[in-house]
Amino acid sequence: MGMTIAEKIIAAAAGVESVRPGDIHTVNLDKMMSNDGTTHLTVDMYNNQLKHPHIADPKKLVFIVDHNVPSDNPKTAASQKKMRDFARENGIDFWEGKGVCHQIMLENYVRSGELIFGADSHTCSYGAVGAFGTGVGCTDFLYGMVTGTSWVLVPETVKFNLVGKLPEGVYARDLILEIIGTVGANGCNYQVMEFTGEGARTLSISDRIALCNMAVEAGAKTGIFEPDEKAIAYLEEHGRKPKAIYHSDPDAVYVREYTFDLSKIRPVVAKPDFVDNLCPAEEVQGIKIDEAFLGSCNNGRIEDLRVGASIIKGHKVADSVRFLVVPASLEIYKQALKEGLIDIFMDAGAIVMNPNCSVCWGSCQGVIGENEVLISTGTRNFKGRAGHPSSKVYLGSAATVTASAIAGKIALAEDIH
């Protein structure tokens, strides 16, 4: 019986020939990432609860400040200082003000074939280049930090066979929302979402990140693509080579299989207050908005900024709307500057922010007030996610969000002339 790509990565990390869903294995971790959401808790446990504090391999650790950048109050400043000092004292790679943690990891660290733990649920993004990334709590992170290992219950794998090609004006963001709307927010609980097929190969690395990033919104342990020439080229462009190239065996076992025809995907919107509360974008056209957000680890890459800029060029943000544009990393921000995209957004009246989690996190930038409505390229739309509990968050693509910012209400790009 063959293995899936996810099973092969776990088997290699466990040092065994094969694994099966339901097996429990001790695994060696290739890298561990933690951000300012919980690192201060990990540091406190390390300093106060361990009899013999020790870091197995500081070179495997990456600390990234991205959720509240720059710090917004003394409490945040204190937790970030604790993180900063600990990283300096222990020789841990430390990033601050350079972007969202997952984008930084993909640009600078992640390699195909690796097993990576991150103290953030969207660590599943790393499957875009054929790595097994998954989110853990700070207790599991601490164990990994001290021992260099952890345990894994081998998950089942769900195959998503993608065929065809996305139409013009339809994006990977629409596709992953459609997938989550189909399987449900609990549709892949503790399972791997493997994206494969000739349609998968048409998707760019940015597209693949968008899909893998939101796998957790269907309850998945991770999302993953088999690495191909696009993934290898991406790594080479960023100065790295794969650790290993794995492909699922022809006789690998999948718990379920779905087929999605990309040519039939249309612009969609996730309505409040659940990511799987999906509808065609036309169904919510005309709903007045107060704020629009283009950014996040899901949709803040240069490809997304290009889409938004192409729509808003020559137009203005509606007087009643705050439109926040937030590149996912400094590298992306600089590229957007070089291409003139930042000028286009600012000339249109958008507020361009420093690279960080921003509105998606709902804590330090663009927080929305009572009964306000946000349309966002962020990852979640739970009640109170971006501000007041009575506020509403709709999720859409970069195109839908930008068109809505111009119209002052939920709109499609084709509505903007």
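Tutor: The answer below takes the sheet and then its helices. This is a predicted model, in which local features need pLDDT of at least 70 and side-chain atom pairs count only at pLDDT 80 or more, while totals for chains, interfaces and linings use all residues. Residues are numbered from 1 along each chain as its sequence is written, and side-chain values use heavy atoms, with hydrogens and water left out.

The open sheet consists of four strands in the order E10-E9-E8-E11, with parallel pairing. Strands (E, at least two residues) and helices (H or I, at least four) are DSSP runs, numbered from the N terminus, and two strands pair if DSSP finds at least two bridges between them. In general, strands of a sheet pair through backbone hydrogen bonds, either parallel or antiparallel. Strand E10 (222-225) and strand E11 (256-261) are the edge strands, each pairing on one side only. From one strand to the next, the twist averages 20°.

Strand E8 (residues 156-163) pairs with E11 in the parallel sense over six bridges. Valine 163 has aspartate 261, in E11, as its bridge partner.

Helix H1 (residues 5-14) lies across E8, strand E9 (191-196) and E10, and runs at about 105° to E10. Helix H6 (residues 172-183) also packs on the sheet, where H6 touches E8, E9 and E11; contact means heavy atoms within 4.5 Å. The direction of H6 makes about 135° with that of E11. For these angles, axes are lines fitted to C-alpha atoms, for helices over the stretch in contact, and the angles run from 0 to 180 degrees between N-to-C directions.
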